[in-house]
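Colleague: I have a new model open on my screen and would like to go through it with you. Could you guide me, starting with the contacts between charged side chains?

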Amino acid sequence: MMFGFMNVLFVIVFILASTVIIFAIVKGITIWNKNNNSPKLTVPAKIVAKRQNTAHSHHHNAGDITGAHGYYTTSSTTYYVTFQFESGDRTELHVPSSEYGFFVEGDEGKLTFQGTRYLSFERKRYSD
């Protein structure tokens, strides 16, 4: 009796996990395709906010040859910048870590993007 319940539970969990994975893949492909089919736009914009999202993952270290069974942590940081257009509309875009540190709130310039994909930001140069 218990064995049958465990089999059913395993099948339900497997189906749910598979559904979540398939949904995430389809969503990613849909966004990628939408961005590829969107026009590349270059518009005046102002940087109004910056934020980082850091995710931590804890891993069991069972395969450690030293015999020290423990855990180790990895982390990854995603960087976002909110741009405001002349119309007052705003959009938040994921930006590369190599450029994030150069962005300053209040900077104005030309934002180039394609759908939800950040391409570049060229700051306005002011004359002295």
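Modeller: Let us begin with arginine 51, which forms a salt bridge with glutamate 92; their closest N and O atoms are 2.7 Å apart. This pair links distant parts of the chain, since arginine 51 lies in strand 1 and glutamate 92 in strand 3 (residues 90–95), 41 residues apart. Please keep in mind that this is a predicted model.

Colleague: Why can side chains like that pair at all?

Modeller: Side chains of opposite charge can pair when their charged atoms come close.

Colleague: Is arginine 51 buried or partly exposed?

Modeller: Arginine 51 is partly exposed, because its relative accessible area is 37%. Glutamate 92 is also partly exposed, with a relative accessible area of 37%.

Colleague: How many salt bridges are there by this rule?

Modeller: The count comes to 3 salt bridges. One of them joins arginine 123 to aspartate 107, with the closest N and O atoms 2.8 Å apart. Here arginine 123 sits in strand 5, while aspartate 107 is in the loop between helix 2 (97–100) and strand 4, and the two are 16 residues apart.

Colleague: And how accessible are those two partners?

Modeller: Arginine 123 is partly exposed, at 29% relative accessible area. Aspartate 107 has 18% relative accessibility, so this residue counts as buried, the cut-off for buried being under 20%.

Colleague: Which side chain meets glutamate 108 in a salt bridge?

Modeller: That is lysine 124, at a distance of 3.4 Å from N to O. This pair also links distant parts of the chain: lysine 124 is in the segment after strand 5 and glutamate 108 is in strand 4, 16 residues apart. Lysine 124 is partly exposed at 44%, and glutamate 108 is partly exposed at 29%.

Colleague: Let us step back. In what order do the elements run?

Modeller: From the N terminus on, the order is α-β-β-β-α-β-β. Of its 128 residues, 18% are buried.

Colleague: What about pockets? Which residues line the largest one?

Modeller: The lining includes Pro44, Ala45, Lys46, Gln84, Phe85 and Glu86.

Colleague: A change of topic: which residues form the nonpolar patch on the surface?

Modeller: Phe5, Met6, Leu9 and Val13 form the patch, and together they have about 370 Å² of accessible area. Methionine 6 belongs to helix 1 (residues 2–37). With 42% relative accessibility, methionine 6 counts as partly exposed.

Colleague: One last item. Where is asparagine 36?

Modeller: Asparagine 36 is in helix 1 as well. This residue counts as partly exposed, at 32% relative accessibility. Asparagine 36 and threonine 116 are 80 residues apart in sequence, and their C-alpha atoms are 9.8 Å apart in space.

How values were computed. Residues numbered from 1 in each chain as written. Predicted model: local features only at pLDDT ≥ 70, side-chain atom pairs only at ≥ 80, totals over all residues. Heavy atoms only, no water. Patch = residues over 30% accessible without salt bridge, like charges linked within 9 Å, V, L, I, M, F, W, Y side chains within 5 Å. Areas by Shrake-Rupley, 256 points an atom, 1.4 Å probe, with all protein chains shown as cover. Salt bridge = Lys/Arg side-chain N within 4 Å of Asp/Glu carboxyl O. Helix = DSSP H or I, 4+ residues; strand = E, 2+ residues; numbered from the N terminus. Buried < 20%, exposed > 50% of the residue type's maximum accessible area, 1.4 Å probe, protein only. 1 Å grid on protein atoms, 1.4 Å probe; cavity = no way out; pocket = protein on both sides within 12 Å on 5 of 7 lines; lining within 4 Å.
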